[in-house]
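Here's a quick look at one helix and a residue from a neighbouring part of the discussion. Have the model open while you read.

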Amino acid sequence: MTDYTAIQALQNEIGPRGQTPINSYNRGPVRRWLVQWGVDSPTARTLPNGELDRIYNDASDEALKALLAQSPTTPPASRPASRPVSEPTPDTQEIAVQLAVLLAKIQAGGSLDEDRVREIVQEALETQRPLVIEFRTDNTVRTVEGATHRALPDLTRMLSAGLNVWLVGPAGSGKTTLAEQAAKALGRPFYSTGAVTSDFRLMGFTTATGDLVRTPFREAFEHGGVFLWDEVDGSNPNALVAFNQALANGCFAFPDGMVTKHQDFVAIAAANTWGTGATTEYIGRVRQDAATLDRFVYLPIDYDEALERDLVGAEYASWVRGVQRLRRAAGELGVKALFTPRASINGARLLAAGLRREVVVQTTLRKGLDDATWAKLESKAREYKAQEAD
Ligand SMILES: Nc1ncnc2c1ncn2[C@@H]1O[C@H](COP(=O)(O)OP(=O)(O)OP(=O)(O)O)[C@@H](O)[C@H]1O
Ligand SMILES: [Mg+2]
């Protein structure tokens, strides 16, 4: 039965029909919107952004009706029931259905020249990564929707084993998002705090009038949940020592009394460094107490370039490749400049908003780099591009 409430909720999320451009940022809800209307999921997942835009923005519903008329009526067979603990399950069944859809397109497409093959492969690559992955813990299957970093399965396994994890990675590599998604995968509430300047910001305090100020850490510690301490390496080391005591002892003296750690409490620390102090790229980082650092297991989070491409989408693929070449060039030439996925995402947004490419390059990539350094980087990036074309 068609669920009109769900359809309306999705439309509210996407934007008014007839006037909302559909791109990689909002294509997920549009695909769900189509499925709510009865379009089969493999078809919805393989439609490119341009088609999604055309169908969603055709307020007369003719395009939607035409799609429904072509859509197979039998749903894909149900998913297999048993899966290993904490194992994400790329849905092989759905991939098989997607391949079948692609083969049908090839057959229907008549002539099959090189460009058509490239187009089909590009579409397949675009939709190859699952938009929903499943995790099974304690016999419960939970799903995480949307694009995910390749480190999510390992992070989830570490947390479900009860370990506290220190995520270390460069700016914009996806640490904060990973922590939120890991909480979803475990089905636990998510709490977070940014850099803290003193331990009472973490533990809470009582005001002059005797009121207790509770913190996200207190909530997670007392009631259970995944607690993210973001930018932990920019925080006061005393706060981390207090935190460590709480983790090590299983109870902690909060300002209003002793509290026992909830069995579902687990912590993630996110940092740009290993906790051993400032680096040339991350100057404001503080050296943390070695015994405290030893309490964590470390998970390096590098840039997931396939995820970065997914987030930005096929229309701006060449922009993302340009950012990624500059990143590689900076690494090879030893230039201390960051070309992060934020440059890919923000750059694509600015291009979509109609800004000229030179302006976008200046504002998201070049920033304050001097002429000579920029020329070296550009020339190296051009070299990579030429090699790719060979
Ligand atoms: N899986 C994802 N789905 C959607 N957007 C994502 C995902 N991963 C990262 N992003 C986007 O990429 C950008 C960088 O991600 P995030 O903030 O998680 O990185 P970070 O490693 O925490 O960065 P920093 O070190 O600067 O704190 C953000 O704009 C975020 O919304
Ligand atoms: Mg972050």
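In this predicted model, the buried residues of helix H18 are Thr373, Trp374, Leu377, Lys380, Ala381 and Tyr384. Look down the axis of H18 and those buried residues fall within an arc of 130°, so they line one face of the helix. What do they pack against? The buried residues of H18 sit against helix H15 (317-333) and helix H17 (357-366).

Turn to the face of H18 that points away from the buried side, and you'll find the exposed residues Asp371, Ala372, Arg382 and Ala389.

As for its dimensions, H18 runs over residues 371-389, which makes 19 residues. From its first C-alpha to its last, H18 reaches 27 Å, close to the 27 Å expected at 1.5 Å a residue. The N-terminal end of H18 has a cap, supplied by aspartate 370.

Now over to H15, one of the helices that the buried side of H18 packs against. Glutamine 324 is found in H15. Is glutamine 324 buried or exposed? Its relative accessibility is 9%, and because buried means under 20%, glutamine 324 counts as buried. Not counting residues up to four places away in sequence, glutamine 324 touches Glu305, Glu308 and Arg309. With glutamate 308 there's also a polar contact, side chain to side chain.

| From | To | Distance |
|---|---|---|
| Aspartate 370, side-chain oxygen | Alanine 372, backbone nitrogen | 3.1 Å |
| Glutamine 324, side chain | Glutamate 308, side chain | 2.7 Å |

Definitions and conventions. Residues numbered from 1 in each chain as written. Chains lettered and ligands numbered in written order. Predicted model: local features only at pLDDT ≥ 70, side-chain atom pairs only at ≥ 80, totals over all residues. Heavy atoms only, no water. Helix = DSSP H or I, 4+ residues; strand = E, 2+ residues; numbered from the N terminus. Expected span 1.5 Å × (residues − 1). Buried < 20%, exposed > 50% of the residue type's maximum accessible area, 1.4 Å probe, protein only. Arc of directions from axis to C-beta. Contact = heavy atoms within 4.5 Å. Polar contact = N/O pair within 3.5 Å; in protein donor to acceptor, adjacent residues only side chain to side chain.
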